[in-house]
Amino acid sequence: MENIKRTSQCSDRLERQRRIEWGLRLLQVCVALLLLGTASFAQQSVRRAGEERDAEAEERRQRALSQLLLRPTRNLASAKIQDDEILLHTGKLEVETVDFSTIDTLTSGDVQIITKAAASKLIAPRPLVFADATVQPSSKGGSGRSSYSVWLKRTEDGWNLVFNREADVWGTQRDPAMDIAETTLTHQTVETSAPQLKPSLTVSDSAGLLELHWGNHRWSAEFTLEGN
Amino acid sequence: MTTPSAHSNRCSGVLAVMAIALVWSWPAAVGASSSNDEASLTYFKDVKSILRMNCETCHRPVGQNQGGISAPMSLQTYEEVRPWAKAIARAVESKAMPPWFATSHTKGHFYGERVLDQAQIETVLAWVQSGAKAGNPDDAPELPPFAEEASDGWTLGKPDLVATFDEPYFVADDIEDLNISFEVTLTEEQLPKDRWFQGVEFRVGGRDVHHMCASAYAPGEKRSFSVKGAFASNGIGCIALGAEPTMLPEGFAQLLQKGSRISFSMHYNKEAGPGTGFTDQSKLAFYFTDAPPKHKAVYDAVGNTSFEIPPQEERWRVGAAKTFEQDTYLIAMWPHAHLRAVAAKYELFYPDGRSELLLDVPEYDQEWQTTYRYKELKLLPAGSRIEASMWFENTPKRGAERGFDPDRAIVFGPDTRDEMMLGFINWAPVASHEAAPEAAPSDTRLD
């Protein structure tokens with residue numbers, strides 16, 4: 001009887017131990033699940049934060065673009081080659097300005113100075129390829145797009161367009177040391193006069209046409225984007 | 001994200017630790033070679049006047065720098081100065097203090113130039129080397145009181161008119177960066193007739209006011225900056241960290257018309273969080289001149305608002321220029337930009353082809369927005385052009401220091417983490433405004 005009682009007590013103890021062990025295992029599983037859940041939640045949060053940051057960055061970019069579009073002192077042209085957007089903007093420079101009147105005074109090698117506005121600016125997502133020059137990225141940054149100031153230059157027999165790495169200088173501040181490329185422009189004297197310096201970008205197939213029209217002067221150059 | 005105010009706090013902490021370290025590690029040699037002359041140097045006899053004229057303008061509870069924002073400790077008494085003596089010696093020897101950012105080529109050109117001469121530096125060093133003794137208070141030279149001690153804290157003296165928002169504004173706990181404008185119309189009682197003002201002084205309502213600008217619009221006049229992209233001659237002035245009040249030279253003033261609207265453009269920047277909110281009712285004081293001025297002064301900017309600073313750029317230049325169509329006096333310059341700005345420069349191009357460097361700030365610091373005000377006005381012959389340039393660093397290193405994301409392209413904008421490129425200038429036509437009242441152009445074009 002005593003043995004039976006001891007055996008019964010022993011098996012009760014074993015049962016209790018088993019239950020405790022199972023309880024502990026269950027607890028371990030719960031903790032593990034909790035940890036996994038927390039990790040997953042944290043990962044999601046980080047991803048969400050990253051997405052929000054990206055969205056915020058994109059929103060800022062769009063806002064910047066819309067600000068630029070609304071800039072009352074700039075004339076803007078934009079075009080897309082496939083999904084790549086190219087922008088060209090210039091000051092709203094009237095033909096009555098001293099800046100326009102200097103065009104006819106330039107001699108070979110002179111670059112046109114603009115006193116009343118920031119330099120004309122071109123923004124492109126990839127290197128631009130012209131017939132006689134490829135304009136390499138201007139920035140070491142990681143935005144994936146480059147911006148340049150562009151300058152009209154008188155040559156012996158016509159006009160060139162100079163690309164300069166300093167995209168945000170005033171029209172009087174070109175530093176020749178920062179020039180990165182130069183391409184030949186086609187110049188025409190046209191009948192229709194543009195009262196303000198007017199930039200234009202047009203695209204057909206995978207090629208683009210860059211134009212500047214000011215008074216009766218029209219300068220143009222064809223280009224493509226590298227890789228197209 | 002670290003805000004500028006957090007940055008300031010962190011800097012204060014770092015400075016305090018550095019100061020203790022400096023005190024601890026001050027070379028023994030410094031104190032080893034005191035001559036009899038050095039031994040006789042005392043705070044009251046030799047040092048007090050140097051500190052008074054060069055340090056106390058900021059290092060006091062209420063000073064030019066917005067209630068002490070820029071100076072973390074007061075240095076007005078021997079008891080306040082003594083614990084900092086060795087740190088002061090190190091700061092003046094390295095020329096980190098007093099803070100002055102223009103290069104030496106314009107030495108002597110501007111008012112309030114905070115630069116100690118070599119004799120003053122040596123006096124401070126020798127005093128510290130000889131034990132930074134107090135001496136006899138009776139030896140202290142008689143020093144004029146600061147003007148605000150007799151004028152309710154106004155540095156330029158008792159104002160003729162103080163304008164402020166209609167009601168205090170609570171900058172809530174959850175606000176981190178906020179740009180907001182308030183407009184008030186001056187009443188008949190405040191301004192019964194048109195007046196010319198020669199000076200203005202801003203008093204911000206808290207250390208989290210990042211900057212404050214004001215413009216005046218005559219009755220019926222529309223706001224022009226946002227409409228035309230031009231910075232009109234309506235500008236009265238601005239204040240930001242480290243900036244001083246404005247007093248134009250004799251004979252120069254701006255017009256404040258009866259019934260004008262004063263627009264306050266406020267920029268608040270702080271860490272968001274419980275208990276960080278504060279109530280602001282910043283003020284603007286006017287100092288009128290009774291005699292009609294000879295020259296109508298203009299406050300505007302040589303600026304560029306169409307730039308875009310690419311991500312990860314180490315040094316991005318943004319430029320702007322203004323050509324003066326008539327003979328002009330240049331009165332002052334105040335370069336203004338935000339967290340990424342690292343350098344600023346103003347150059348003058350004369351119509352005959354000569355050029356002159358007006359101001360070179362090779363290490364621009366947003367937290368020290370100094371106004372460079374000419375002692376002798378600069379004459380710009382008609383056709384002269386001022387070009388302003390600022391350089392910006394959008395790198396991870398600076399981003400970590402100043403609390404911004406260097407992976408973003410940055411454009412002109414009002415937030416602290418946006419950027420600005422505004423080369424503010426005070427100028428006036430040489431011609432008398434009475435002889436040629438239309439002489440001052442109404443606006444300056446930004447691009």
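I began with the lining of the largest cavity, where I found that β7(B) gives the largest share, four residues. This is a predicted model, in which local features need pLDDT of at least 70 and side-chain atom pairs count only at pLDDT 80 or more, while totals for chains, interfaces and linings use all residues. Residues are numbered from 1 along each chain as its sequence is written, chains are lettered from A and ligands numbered from 1 in the order in which they are written, and side-chain values use heavy atoms, with hydrogens and water left out.

**Cavities**

I noted what a cavity is here: on a 1 Å grid over the protein atoms alone, a set of points where a 1.4 Å probe fits but cannot get out, with lining residues having an atom within 4 Å of a point. A volume is the space filled by probe spheres set on the points, which are joined across faces, edges and corners. By this rule I have five cavities of 30 Å³ or more, and the largest holds about 110 Å³ of space. It has 17 lining residues, and B:Cys238, B:Thr246, B:Tyr299, B:Thr371 and B:Arg373 are the closest to its centre. Strands (DSSP runs of E, at least two residues, numbered from the N terminus) that give two or more residues to this lining are β4 (195-203), β7 (235-240), β17 (328-336) and β23 (422-429) of chain B.

I sorted the lining by class, with Ala, Val, Leu, Ile, Met, Phe, Trp, Tyr, Cys and Pro as nonpolar, Asp, Glu, Lys and Arg as charged, and the others, Gly among them, as polar. For the largest cavity this gave eleven nonpolar, four polar and two charged residues.

The second largest cavity has a volume of about 100 Å³, and its lining includes A:Gln112, A:Trp151 and A:Trp214. Here β6(A) gives the most, three residues, and the classes are eight nonpolar, two polar and no charged residues.

**Cores**

Next I looked up the nonpolar cores, sets of buried (under 20% relative accessible area, 1.4 Å probe, protein chains only) Ala, Val, Leu, Ile, Met, Phe, Trp, Tyr and Cys residues joined through side-chain atoms within 4.5 Å. In the largest, of 50 residues, B:Met333 and B:Ile386 touch the most other members. Apart from it lies another core of 33 residues, including A:Phe100 and A:Leu210.

**A helix in chain B**

Last, I checked helix α6 (residues 85-94) of chain B, where the buried residues include B:Ala85, B:Ile88 and B:Val92. After α6(B) comes B:Lys95, whose phi is positive, near 65°.

How values were computed
1 Å grid on protein atoms, 1.4 Å probe; cavity = no way out; pocket = protein on both sides within 12 Å on 5 of 7 lines; lining within 4 Å.
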